[in-house]
2 protein chains.
Amino acid sequence: MSALDVAGEFETIRRLLAPLAHPEWGRGLVDDVAVLPARPGYDLVLTKDAIVEGVHFLPADPLDTVARKLLRVNLSDLASKGAEPFGYLLACCWSERCGWPERMSFVDGLRADQKAYGVWLLGGDTVVTPGPASFSLTALGWSPKGRTVSRAGAQPGDPVFVTGSIGDGWLGLQALQDRISLDPERLGALADHFRTPVPPVGFAPVVRDLATAALDVSDGLIADLGHLAAASGVGIEIDLERVPLSAAGAAWFEGRVDPQAALEQLVTGGDDYEIAFTVAARDEAALRREAERRHVRVTRLGRAVAGAGVTARFAGKAVSFVRTGFTHG
Amino acid sequence: MSALDVAGEFETIRRLLAPLAHPEWGRGLVDDVAVLPARPGYDLVLTKDAIVEGVHFLPADPLDTVARKLLRVNLSDLASKGAEPFGYLLACCWSERCGWPERMSFVDGLRADQKAYGVWLLGGDTVVTPGPASFSLTALGWSPKGRTVSRAGAQPGDPVFVTGSIGDGWLGLQALQDRISLDPERLGALADHFRTPVPPVGFAPVVRDLATAALDVSDGLIADLGHLAAASGVGIEIDLERVPLSAAGAAWFEGRVDPQAALEQLVTGGDDYEIAFTVAARDEAALRREAERRHVRVTRLGRAVAGAGVTARFAGKAVSFVRTGFTHG
């Protein structure tokens, strides 16, 4: 009907995407389907996210980082359930600005991350849209049978943890929109986090072995803890002062006149791609040991309690949020 | 950044999509991932297609038919490989015209087809785009281990068949754009085929047992036979006079002054979602028997030969095509 594909569907698949395909399961991307042998003793874990130009990434974002972010936000979901990724299917809706060089850049990003995360392209589709570019990805991982962690399972008394640091995704978006001022190196680190977050994929086995409930922080820490609390049928209490910041995040935070308001922005901004989780109190020491061994920062934010919802305290007082996170539609 | 979701991501998932979820594997669509137990003795077959408003469907198409078409074009891929579908993941990029009533309509279409085809929603994503609506779907099916049919495998001498009739998808698009005239009932049947094609999903076991190579006809019969020929390392010869037409297609065809040109349009138009395949010559009788038993029309178009490419004949003379099919980007 419309949307001429100047770069060509078949050439895009043959020259750019086929070299990324799993040598056996992807069937060279020329056979309509991927074929995956059963892995007895393991469950297949699947997740699918979509991103849209102007909504989830900026029109100015280089397409190699867009591809990496797309892959990583899905790997983040798998990691937060304790699953280990091995492959993905991809649908590209190229906009008119996506000519051959842009598609090459997109594929460069995928190639780099395939190597970094040990995953293969299995199949998908490539089409052209007259609107903004959008991409969707279905990521696949394995979990030992019956061992996939869920959002439900937190018990009153369980300590609540988060990996890494919170706020850099939101700060990175502000940096890219020239809404905050910091020294250029800090701004660059934050922009990098927004464009290519680093989900703690290597932490998946610890989540699987020790977490009573877990999810990735994508909508915003408060919103996502709320999801976990609701699914588990518990309340969650955290102290905002404990929220872990990166070096760049801390540099920004130090310049704030209203520290509470600043923390509120960081815990509702989203785009963190860290893992929020609970463990049984008796497993806290084991958790800290495993995290240290894997060089993953974990921070205890608070605990699960009988009740419902998330209560965040600052200076001992409960804070109420107008919005708890970001919703994309 | 932009694209406000008036209908709401969480409400859309909770109220509209969660009721479609597989009772166990979909985790109620509230847990970031789907979890699928291994099925020993079976391979998992996956395919993923995307559709964009104004490219693959018309802005005026009702969203229930858009949803059904999206599901069916993916089921068509699975059926053409002999796989039997059981589930799917879905990413919706709603446009601004997709308010609550439009989303309900979309889900109504999915619900009807879930029942018709025995599949369940397993997971996905819902976002909003400032551009035209687009949707992508990852369909999952099972094949007995090692039995998934491919495009490769046709041998010289194998008869070439197609299920159903060819051309109704292209004619339906012409009908919806007021480019052909026929009596209203015929036009309606053609428009229905364009909006909700009926892939021969029940024919999958026959494909699995008897086809030496197969694929679904989506780009156009000539183009798709070309893909099969290339993957198999054979040539394919067909007679255009044998191309099967529906009653509505035949009614249109009868009014043409240039029958060869008319057939050329039908075999290059695409959007058929039938299965083109080869069988060993010794299996032709078994194929016809199985097709009859399942009430699936099959038509022998020609045969595979030593060589390359597709040779189509009309009145005994080879026809050359300027374009062999439709490419979407």
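**Reading strands and a buried residue**

Guide: This is a predicted model. Start with strand E4 (residues 120-128) of chain B. Seven of its nine residues are buried, so the strand is largely enclosed by the rest of the structure.

Visitor: Which way do E3(B) and E4(B) run, parallel or antiparallel?

Guide: Look for the bridges. Eight of them join strand E3 (residues 84-94) of chain B to E4(B), and the two run parallel. Take Cys92(B): its bridge partner in E4(B) is Thr126(B).

Visitor: Where do side chains point in a strand?

Guide: In a regular strand they alternate between the two faces of the sheet.

Visitor: Now chain A. In what order do the seven strands of the open sheet come?

Guide: Read across: E7-E9-E6-E10-E8-E11-E12, with mixed pairing. Strand E7 (211-217) and strand E12 (317-319) are the edges, each pairing on one side only. On average, neighbouring strands are turned by 30° against each other, direction ignored.

Visitor: How many bridges join E6 to E9 in chain A?

Guide: Three, between strand E6 (residues 159-163) and strand E9 (residues 274-279), which run antiparallel. Val160(A) has Thr278(A) as its bridge partner in E9(A).

Visitor: Is Phe203(A) buried or exposed?

Guide: Check relative accessibility. Phe203(A) is at 0%, so it counts as buried. Phe203(A) lies in the loop between helix H5 (184-195) and helix H6 (204-210) of chain A. Beyond four places away in sequence, Phe203(A) touches residues including Thr163(A), Ile275(A) and Phe277(A).

Technical notes:
Residues are numbered from 1 along each chain as its sequence is written. Chains are lettered from A and ligands numbered from 1 in the order in which they are written. This is a predicted model: local features need pLDDT of at least 70, side-chain atom pairs count only at pLDDT 80 or more; totals for chains, interfaces and linings use all residues. Side-chain values use heavy atoms; hydrogens and water are left out. Helices (H or I, at least four residues) and strands (E, at least two) are DSSP runs, numbered from the N terminus. Buried means under 20% relative accessible area, exposed over 50%, partly exposed in between (1.4 Å probe, protein chains only). Contact means heavy atoms within 4.5 Å. Two strands pair if DSSP finds at least two bridges between them. Axes are lines fitted to C-alpha atoms, for helices over the stretch in contact, and angles run from 0 to 180 degrees between N-to-C directions.
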